[in-house]
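Here's a quick briefing on some salt bridges and strand pairings. Have a look at the model first, then read on.

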Amino acid sequence: MTAIAPTSITAPGGRQPANADLAARLVNASKIYGSGDSEVRALDDVTVGFRSGQFTAIMGPSGSGKSTLMQNAAGLDQLTSGSAYIGDTDLSTLSDRDLTLMRRAHIGFIFQSFNLIPTLSAEENITLPLALDKRRPNPETFDRVIDVLGIRERLDHRPNELSGGQQQRVAVARALVAEPSIVFGDEPTGNLDSRTGAEILEFMQRAVQEIGQTIVMVTHDPGAAAYADRVVFVNDGQIVDEMLEPTRDRVFDRMKAFGR
Amino acid sequence: MTTATTSTASATAPRTSGMTRVTTAGLWANRSRFTLTGLAVLLSVAFLTAMLILTTTISGTASDDIREANAGIDLVVTGAELGESADSGGPRGADILSSVVPLGTEASLTAVDGVDDAVGIVTGYARALDTDGIPVDTGVITYTGQNWVDGELGTHTLVDGTAPTGADQVVLEARTADELDLAVGDPVEILTSTGTLDVEVTGIADYASSGSDPDAAIVFFDDAVAADVLAATGLERIVVDGTADAATVAAAVGTDPLGNPLTVTTGADYTQGLIDDVESRTSFQTTFLLFFAGVALVAGTTIIYNTFVIAVAQRTRELALLRTIGASKRQVLGSVMIEAAVIGVLASAVGAAFGVVTVFGLISLFEAIGLSFLAGSPVITSSSLIAGFAVGLVATLASAYAPARKAASIAPIAALRDSVNDASAASIVRNGIAVALLLCGIGLGIWGVVAGSWIPATAGIGSAFVGIIVGGPGVTSIFSRSVDGAIGRFRDADSTIVGRLARMNASRNPKRSASTAFALTLGVALISFFTVMAASLGASTSSDVGDALASDLVVESLSTGPIGEATIPGDLDTTIAGIDGVTSISSLRVTTALADGAGLVVGSVDTDAVTTTYDLGVTDGSLAGLADGQIAVSQTYLDTLETPLAVGDTIELTFPTAGIVDAEIGAIVANDLPGLAPSFIFDTTTLDGIVGPGLDDTIYVTTNGSEATFAAIEDAVSAAGGATLFTAEAYADSLGSFIDTFTNFVYAMLAVAVVIAVVGIANTTVMAVNERVREIGMLRAVGMTSAQIRSMIRNEAAMLSVQGSLVGLAFGIAAAYVAFSALGGDEGIIISVPVVTMAWIALAGAVSGVLAAAWPAWKASRLPPLEAMS
């Protein structure tokens with residue numbers, strides 16, 4: 001895959017980015033917790049877009065607002081002001097039900113702590129988002145995803161019969177099998193050892209490269225960020241920098257700069 | 001355990017205050033969970049306290065009052081004891097039937113040395129009527145008339161007005177006067193065995209500190225006229241004041257009309273006898289009430305236990321962390337027990353106070369369903385409140401103790417582990433024991449049914465019940481799996497994913513689910529048991545009577561008290577007989593007598609006419625030609641005799657007032673009249689000749705069926721008062737009405753346990769939701785709608801409630817079948833399972849779970865998907 005041109009971002013005054021090819025975007029997004037002296041601006045007038053078929057990592061120090069950014073882009077939380085779009089849909093205009101249906105149909109999630117349902121088998125966990133919609137998975141997609149992830153042998157197992165890495169592969173499969181337009185990951189390798197984490201990241205990378213999946217991942221690990229096509233750096237609720245074709249060392253150096 | 005907590009608190013004061021802060025902070029943080037637990041405790045304690053107040057009201061103060069009222073009596077002369085009475089039909093509901101003291105015997109005592117005063121007491125039927133002619137109901141067991149006795153020997157003291165003089169004056173007890181809203185100087189109508197009297201109230205009297213004798217509502221007449229007015233043929237007793245000893249008095253008074261020596265007892269023994277009678281009678285009622293309080297308490301205790309088990313499990317890491325940073329086992333134990341104590345104290349205190357409100361609610365409820373044994377105002381004592389509070393607190397602490405011990409045994413290392421869900425269904429051993437107990441129960445039950453023996457039957461029911469408790473978790477797993485399997489067979493798994501999640505969740509922690517469902521199982525099992533019992537009794541009674549009744553109308557006494565009393569004025573049958581269109585009439589009059597030392601109810605009918613109104617099924621002899629001195633008896637009685645009797649043989653009957661009568665068997669009948677089983681039936685003229693005239697118990701009327709005739713009879717009945725008119729059909733049904741009243745009472749009592757069980761389901765569901773906040777957040781994130789979340793939680797609770805009610809229903813029906821087959825086989829009880837009612841009970845049980853889950857489901861559906869990230 002060739003290098004992807006950076007989407008225009010962080011323009012002062014919040015110039016709206018072109019929405020062509022953007023799977024998700026935030027426009028003039030602010031998220032404020034508390035009020036008065038205890039007011040915290042977790043997001044401060046952020047405008048950012050995530051291009052289809054691109055693997056984006058969001059990085060920043062603790063408390064920078066990177067998780068808030070992702071949660072609001074994914075429609076898990078409500079912005080204080082500004083808009084979040086999935087495709088051309090303004091999430092703030094949706095009812096709770098429509099927002100849920102939007103997540104079900106168009107968004108996949110990979111959580112840090114796997115978050116599988118312990119009472120369901122691996123296969124049932126994978127098809128859960130579709131089952132909630134009374135749909136069945138596209139057999140081709142299903143087969144491809146589980147074969148790439150190498151979990152075909154484990155489909156009948158319950159999560160507690162799987163290792164952490166296997167559980168996270170099931171979680172990745174769950175995020176991918178409904179063929180969402182975008183997948184959000186919240187520190188997806190945070191609970192895994194580095195080798196298993198690397199495997200998961202490779203799967204995510206392959207999903208982007210081979211089937212053109214859009215992925216946005218929050219991470220604090222420069223090594224994880226190096227798998228992405230693009231890294232967005234967040235600090236104090238604002239996007240302060242971005243990096244294309246990142247490497248572990250460059251990301252590491254950039255992160256160190258926040259310390260100063 | 002409380003002492004342990006206290007000593008820990010004092011021994012390590014500085015650190016304990018830290019632990020206390022942890023505890024109180026934990027309580028506050030988990031207030032929603034503890035609110036429901038507190039509610040369960042509160043409901044149990046309120047109900048228990050109410051029951052304690054009721055039992056005190058029924059029996060508590062009676063003994064003090066009896067002692068006070070009879071304090072001035074030194075000796076009592078009564079008739080000879082003749083034998084046990086039938087259906088507590090003796091004077092004042094006593095179990096012993098005695099003869100009478102001849103009228104005037106007290107005069108023989110006035111000259112005896114050491115006797116200062118001796119007064120004969122005559123009693124007879126007398127009951128005040130309200131302005132509509134309806135007999136007053138003050139919730140006592142009998143209504144009597146008596147001569148007024150002044151001074152030390154009297155049981156009552158005037159609180160207003162004067163003693164009665166002449167035949168047209170009475171003194172009423174305060175409770176009767178209150179009930180009828182009567183004051184001194186008011187006119188009142190009194191129903192007696194000789195008819196109704198129009199009299200004036202000249203005084204109001206109190207029995208000791210309460211407004212009425214605990215057994216009887218007494219109407220007092222002038223001593224000079226009482227024997228006449230009450231048609232008394234003897235004295236019920238003579239009360240003696242003085243220092244004379246019993247032997248001297250016994251020698252002076254002579255014998256009863258039957259020639260037996262009279263009984264002389266000391267005042268103290270006589271008083272104790274009265275107290276024993278009251279206690280033995282009320283102990284059944286109080287035991288029954290306390291049984292239901294116990295059921296509610298067990299249901300409540302299950303929930304407290306469950307809450308603490310879950311709370312400890314959920315806080316494993318937190319508690320382990322406390323252990324890691326240096327909290328001792330005792331401190332952890334103490335912190336859980338302090339939580340329990342805080343909940344126990346608060347909920348029990350509010351519960352005890354709420355119990356007072358509950359009592360008034362229950363009394364109105366009892367009145368609404370036609371139970372009058374609790375008429376009068378409740379006696380609220382501090383001991384009832386304290387006992388309710390104490391039991392609630394102790395039950396809370398006791399049920400929290402095992403979970404607290406478990407909390408204390410959490411290893412510090414657990415702080416480093418992910419909290420482990422106790423998903424173990426139950427060990428094979430546990431399930432094995434459960435199956436063994438169940439099989440043992442079924443085996444014993446079959447033995448009991450086949451052999452008609454209650455010992456194996458009861459043991460079988462007990463064994464199966466323990467089996468259900470032990471096997472609860474196993475049942476939960478099997479139940480969830482089979483429901484899931486059954487649904488999976490019919491519907492595509494993907495289309496029922498929400499239901500499937502719910503079913504899996506219900507069996508996620510089988511022990512927890514089982515103990516939650518148990519409270520409901522208990523309530524539903526008892527409801528089912530009593531429903532089958534009531535239906536069986538009802539079916540048995542109504543079918544017999546319905547078959548034998550030949551008249552088209554029945555006039556019945558207003559027996560509002562617990563013991564049926566004849567209240568139909570003696571001349572009503574003559575009035576009805578004179579109405580145009582009445583083709584046949586026969587009236588039943590009853591009295592008590594003894595044969596072979598056993599009490600019986602003896603009745604009389606117009607034997608020439610009775611066959612046209614009630615088919616007694618004559619198998620030998622002739623009822624129509626029953627002569628003076630002849631009696632008709634039922635075959636069921638003859639079957640109980642060792643030496644068989646036949647038509648022409650004689651039966652010796654002893655009447656307490658009239659003495660021994662040799663009755664010749666003139667007819668043998670197969671059917672019994674309601675309230676007169678087995679039958680001992682004289683012709684009316686014969687019995688009137690023996691015991692004198694009385695009130696009618698029942699009048700059977702056959703008419704030409706015209707509406708005018710019915711209307712005329714209706715008018716006559718309402719004008720006479722003391723009677724109710726039924727059509728034949730309604731009458732047969734009404735015989736089962738006491739069963740309906742009883743069933744309603746039982747339902748009301750068990751409803752409390754069911755409500756507590758439902759609170760328990762809500763509680764478990766709330767805790768399950770709290771435990772799975774992140775998981776629910778994830779489900780929301782991946783696309784479960786709020787409605788789907790609500791449906792999932794409701795389904796989950798429904799799994800618990802359906803399981804609880806089905807197991808309860810099955811067990812209740814089986815237990816009732818076994819019990820009544822074993823016990824009632826001889827009595828010809830038809831076991832009847834009312835399918836529709838049972839279906840309603842099952843449905844209500846199942847729906848209760850959905851209702852219980854409404855709030856937790858709503859709460860869960862409001863959880864933001866962001867929770868998945870935390």
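## Strands and salt bridges

In chain A, Leu26(A) stands opposite Ala84(A) in strand β4(A). This is a predicted model, where local features need pLDDT of at least 70 and side-chain atom pairs count only at pLDDT 80 or more, while totals for chains, interfaces and linings use all residues. As for bookkeeping, residues are numbered from 1 along each chain as its sequence is written, chains are lettered from A and ligands numbered from 1 in the order in which they are written, and side-chain values use heavy atoms, with hydrogens and water left out.

**Strand β1 of chain A**

- Strand β1(A) covers residues 22-33, and nine of its twelve residues are buried (buried is under 20% relative accessible area, exposed is over 50%, partly exposed is in between, with a 1.4 Å probe and protein chains only).
- Strands here are DSSP runs of E with at least two residues, helices are runs of H or I with at least four, and both are numbered from the N terminus.
- β1(A) pairs with β4(A) (residues 81-86) in the antiparallel sense, over five bridges; two strands count as paired if DSSP finds at least two bridges between them.
- β1(A) also runs antiparallel to β2(A) (residues 40-51), joined by eight bridges.
- On the β2(A) side, Leu26(A) has Val48(A) as its bridge partner.
- The β1(A)-β2(A) hairpin has six residues between its strands, and Gly34(A) in that turn has a positive phi of about 70°.

**Salt bridges in chain B**

- Over all chains, the structure holds 23 salt bridges (a side-chain nitrogen of Lys or Arg within 4 Å of a carboxyl oxygen of Asp or Glu).
- Glu771(B) and Arg512(B) form one of them, at 3.0 Å from N to O.
- That pair links distant parts of the chain, with Glu771(B) in helix α23 (residues 737-771) and Arg512(B) in helix α16 (residues 510-548), 259 residues apart.
- Arg512(B) is buried at 9% relative accessible area, whereas Glu771(B) is partly exposed at 34%.
- Arg237(B) bridges to Glu236(B), with the closest N and O atoms 3.1 Å apart, and Arg237(B) counts as buried at 3% relative accessibility.

- Glu796(B) and Arg772(B) form a salt bridge whose closest N and O atoms are 2.7 Å apart.
- Both ends are buried: Glu796(B) has a relative accessible area of 7%, and Arg772(B) comes in at 5%.
- Through shared partners, salt bridges join Arg508(B), Arg772(B), Glu775(B) and Glu796(B) into one network.
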